[in-house]
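Work through the exercises below with the sequence and the model open side by side. Try each task before reading its solution.

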Amino acid sequence: MARILVVDDDRNIRRMLGATLEGAGHRVSEADNAERALELVAPGDTDVVLSDIRMAGMDGFGLLKTLKQKGPAVQVIMMTAYGSIPDAVEAMRFGAYDYLPKPFSAEHIRRVVSRALEVKELRAENRRLKAEVELLSEREVFLTASGASRKLAETAAQVAASDATILLTGESGTGKSMLSSYIHSKSPRKDGPFIQVACTTLSEHLLESELFGHVRGAFTGAIKDKPGRLEAAAGGTVLLDEIGDLSPVVQSKLLYFLQEKTFERVGGAATIKVDVRIIAATNQNLEQLVQQKRFREDLYYRINVIEIHVPALRERPAEILRLAVHFIERAALRHKKNPLPLSAEAQKTLTTYAWPGNIRELKNVVERAVVLSRDDSIALSDLPDRLLAGARSSDQSQTLEEIERRHIELVLEQAVTLEEAADMLGINVATLWRKRRKYGLD
Ligand SMILES: Nc1ncnc2c1ncn2[C@@H]1O[C@H](COP(=O)(O)OP(=O)(O)OP(=O)(O)O)[C@@H](O)[C@H]1O
Ligand SMILES: [Mg+2]
């Protein structure tokens, strides 16, 4: 059953069309002029409009144009008493689906309307599929849901044009990796490679050879020449993730590279020159590492040409629910469920929680809730206990550190392994390790 509006100043024609279409199972409303028709139509609530062309006041073309501006999905069929070709051509040019020359038979009307509905349905289906493909594709969308992240995206787009080294600072899970790939995608290098190197996970020697490559025989197991990530990223961008964890040897080699744009492979003599843009990211306080002589000052200044600080999620609470809804939609699609709304209590808990694991933690929590939910909304009981405990303990006198400490303690109690705890917190194991030691929880 479709919703159809008939617009004609001739009462007999309205009556005839109404009877025919209602007989075919549709719901029909009527208007005797264009102005009245516009009052009756709200975007999305009418499928087909059948309109006369010549009417007092606004004519059928005026109505057609206005309707298409309001909601392009509505199918408009023009009726013309004279069956004149120029009118028909004009109508199609303005986006009419078809035209009906008067006089018409009931059979003809039903056929044209049902074709218009089929086409409309196909178009809607097409749009749905496209949106699904977009959502399902691995490519994640960088959401700018508040003033804070819109500013981030703006700054990123500005600095993308240059080749200057960028330092991204911010807590774990705030979106530093995502922002760096966004910068790459907005840069003139966007068609070149974007390569991430995690500086924490590899041993010093492995990392050196991973970055700069090695020659055959450089060390046991180096059975052939191998280019490093810098070479692989030629013409593109390299993200050095967790730069604060670099060993002194790799720090000095990187400094040399940033100054001279050249390096040698491990064990090699040939000087290699590559054109890459470096983005470095860290969740540690590099300045403090410099003071503690754990990070080279000269390297710090080389890297920190442009610093972009990515604020913690709790510093941009306006974003929490927007991101949550976005992650719910994606997760629902992935798990073939309906995207459910968040109950009022769930919303409140999500917005008051401190999110030590930031956006990554939010994403994990929401994904879990989508899988767990049995109702027609995401309830408080679909959220992990730590969120409730966290919300309750968030009394005003506590400092963020105290809240973080308490929270990590809670999660460590719940989790069986450190990996699991890190996963629940949405931070990596190395970060959890550091925080655990800092708070004396080990
Ligand atoms: N603006 C955003 N819009 C949509 N998703 C985001 C946004 N920012 C971050 N995310 C998501 O949050 C998660 C964490 O982001 P990301 O890995 O970039 O954080 P990070 O700061 O690099 O963390 P770490 O310090 O642990 O490396 C990712 O799954 C990412 O897709
Ligand atoms: Mg990262």
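**Exercise 1: A sheet from its pairs**

In S3, Val48 is the bridge partner of Ile4. This is a predicted model, where local features need pLDDT of at least 70, side-chain atom pairs count only at pLDDT 80 or more, and totals for chains, interfaces and linings use all residues. Residues are numbered from 1 along each chain as its sequence is written, while chains are lettered from A and ligands numbered from 1 in the order in which they are written.

Step 1. Strand S1 (residues 3-7) pairs with strand S3 (residues 48-52) in the parallel sense, over four bridges. Pairing requires at least two bridges found by DSSP. Strands are DSSP runs (E, at least two residues) and helices are too (H or I, at least four), numbered from the N terminus.

Step 2. Five strands make an open, parallel sheet in the order S2-S1-S3-S4-S5.

Step 3. S2 (27-31) and S5 (98-101) each have a single partner strand, so one side of each has no neighbour in the sheet.

**Exercise 2: Around ligand 1**

Task: describe the shell of ligand 1.

Step 1. Count the residues. 19 surround ligand 1 (C-beta atom, placed from the backbone, within 6 Å). The closest are Leu143, Gly175, Lys176, Ser177 and Met178.

Step 2. Find the elements. Helix H7 (176-185) and helix H15 (358-372) each give two or more residues to this shell.

Step 3. Assign domains. Domain 2 (147-309) and domain 3 (320-438) each supply at least three residues. The bounds come from an automatic or database domain assignment.
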